[in-house]
Amino acid sequence: MTSRHANISIFVPHFGCPNMCSFCNQKHITGQNAAPTAIDVIDAVNIAVKTPNYNPHNTEIAFFGGSFTAIDRDYMVELLNAAYSFVKNNVVSGIRISTRPDAIDDEVLCLLKNYGVTSIELGAQSLNDNVLSANNRGHSADDVVNASNLIKQYGFSLGLQMMTGLYGDCDDYCITTANAIINLQPDTVRIYPTIVLKNTDLEILYNTDKYKPQSLENAVNLCSKLLFMFEQANIKVIRLGLHSIEQGSYVAGPWHPAFSELCYSKLYFNKVKSLLTDKGNYILYVNPSSVSKMIGQHKNNIKELKKIGFDCIVKPDNTLTNYQIKVERR
């Protein structure tokens with residue numbers, strides 16, 4: 001069985017970002033505000049290697065939280081140097097970074113290559129120029145396209161992050177952004193519904209009734225559609241929703257601790273609903289890892305199917321792959 005990918009995450013909060021996006025307060029997302037040092041990188045890896053089932057072959061050091069390639073160059077190299085020592089000694093398999101599309105060029109990609117960086121994630125957020133401008137992103141959709149193509153040319157694994165429910169955004173724009181991302185063929189995607197945090201421009205817009213965030217139901221419905229689109233295109237979605245938010249920072253928006261599970265369950269509900277035609281009693285067979293997704297949180301999928309005339313039970317079937325459903329009358 002293939003071991004699951006793991007990150008040793010080092011947060012570089014907001015350093016290097018040339019502007020403040022409407023939704024952004026990195027401290028409230030990461031819970032950190034101090035600049036990590038090379039010693040912090042070394043300590044984080046030394047702690048990680050002592051954890052049970054640590055696997056150097058599927059573990060990367062990940063610099064998240066800010067715009068890594070836009071921070072002070074000497075500081076960036078200091079962090080990379082500390083991380084690269086573990087790559088050279090085969091303690092980790094590589095280094096993952098996240099950055100802005102307009103902070104990518106040939107020079108920085110050569111530098112990253114020399115220090116063992118394997119994966120680059122871009123905060124695209126949207127590929128609609130009006131939405132990007134309204135949220136003070138400071139880059140264009142073309143910047144996303146150009147940076148993505150350059151990253152792939154240099155042989156890095158490409159990840160793209162998108163957001164739903166941004167100020168000035170709508171479901172149709174998000175579908176268009178997802179299609180544009182699919183055309184760029186990244187290796188991975190993260191999808192984040194927009195959350196209103198304290199001390200952000202979005203909080204001001206929300207408090208003055210100029211911005212209405214997505215409801216949880218709407219966010220789940222849209223993100224389950226996006227998830228299906230990416231899965232159909234063989235692009236792995238590695239995150240749905242924020243990991244966590246600092247206590248007391250939440251203002252409004254579709255945050256849920258099990259947001260990802262809600263989206264997967266909705267995807268399975270929509271899929272099985274399209275397969276069932278005649279009302280009656282059924283057995284739904286799915287891959288063992290998908291049983292809970294098919295049943296839904298608090299058995300919600302089963303309850304909703306019963307309401308519309310389909311009395312279903314779910315059973316595992318090892319012969320089925322993810323998203324395959326076999327329907328049998330009982």
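1. A salt bridge is taken here as a side-chain nitrogen of Lys or Arg within 4 Å of a carboxyl oxygen of Asp or Glu. By this rule the count comes to eight. The model is predicted, so local features need pLDDT of at least 70 and side-chain atom pairs count only at pLDDT 80 or more, while totals for chains, interfaces and linings use all residues. Residues are numbered from 1 along each chain as its sequence is written, and side-chain values use heavy atoms, with hydrogens and water left out.

2. One of the salt bridges joins E121 and R96, with 2.9 Å between the closest N and O atoms. This pair links distant parts of the chain, since E121 is in strand β4 (residues 117-125) and R96 in strand β3 (residues 94-99), 25 residues apart. Helices (H or I, at least four residues) and strands (E, at least two) are DSSP runs, numbered from the N terminus. Buried means under 20% relative accessible area, exposed over 50%, and partly exposed in between, with a 1.4 Å probe and protein chains only. E121 is buried because its relative accessible area is 1%, and R96 counts as buried because its value is 8%.

3. What else does E121 pair with? The side chain of E121 also meets that of R190 in a salt bridge, at 2.7 Å from N to O. R190 lies in strand β6 (residues 188-193) and E121 in β4, so this pair ties together parts that are 69 residues apart in sequence. R190 and E121 are both buried. Through shared partners, salt bridges join E60, R96, E121 and R190 into one network.

4. R100 and D102 form a further salt bridge, the closest N and O atoms being 2.9 Å apart. R100 is buried, at a relative accessible area of 3%, whereas D102 counts as partly exposed at 35%.

5. Helix α10 (259-275) has 17 residues and reaches 25 Å from its first C-alpha to its last, close to the 24 Å expected at 1.5 Å a residue. The expected span is 1.5 Å times one less than the number of residues. Buried residues of α10 include F259, L262, S265 and F269. The buried residues of α10 pack against β6, α9 (216-232), β8 (236-240), β10 (280-286), α11 (291-295) and α12. Contact means heavy atoms within 4.5 Å.

6. Helix α9 also has 17 residues, and its first and last C-alpha atoms are 24 Å apart, close to the 24 Å expected. Among its buried residues are A219, V220, L222, C223 and F230. The buried residues of α9 pack against β5 (157-164), α7, β6, β8 and α10. After α9 comes N234, with a positive phi near 60°.

7. For voids, a 1 Å grid is laid over the protein atoms alone: a cavity is a set of points where a 1.4 Å probe fits but cannot get out, a pocket is an open set with protein on both sides within 12 Å along at least five of seven lines, and lining residues have an atom within 4 Å of a point. Grid points are joined across faces, edges and corners, and a volume is the space filled by probe spheres set on the points. The second largest pocket has a volume of about 260 Å³. Its lining includes V220, S265, F269, H298 and E304. Helices α10 and α12 (300-307) each supply at least two lining residues, and α10 gives the largest share, five residues.

8. The structure holds one cavity of 30 Å³ or more. About 30 Å³ of space lies in the largest cavity, which is lined by P193, I195, G241, L242, P254, W255, H256 and F259.

9. Two single residues remain. S148 is found in helix α6 (residues 141-153) and is buried, with a relative accessible area of 0%. S148 touches L122, L158, L160 and L184, not counting residues up to four places away in sequence. D172 is in helix α7 (residues 171-184) and counts as exposed at 58% relative accessibility. The C-alpha atoms of D172 and S265 are 22 Å apart in space, at a separation of 93 residues in sequence.
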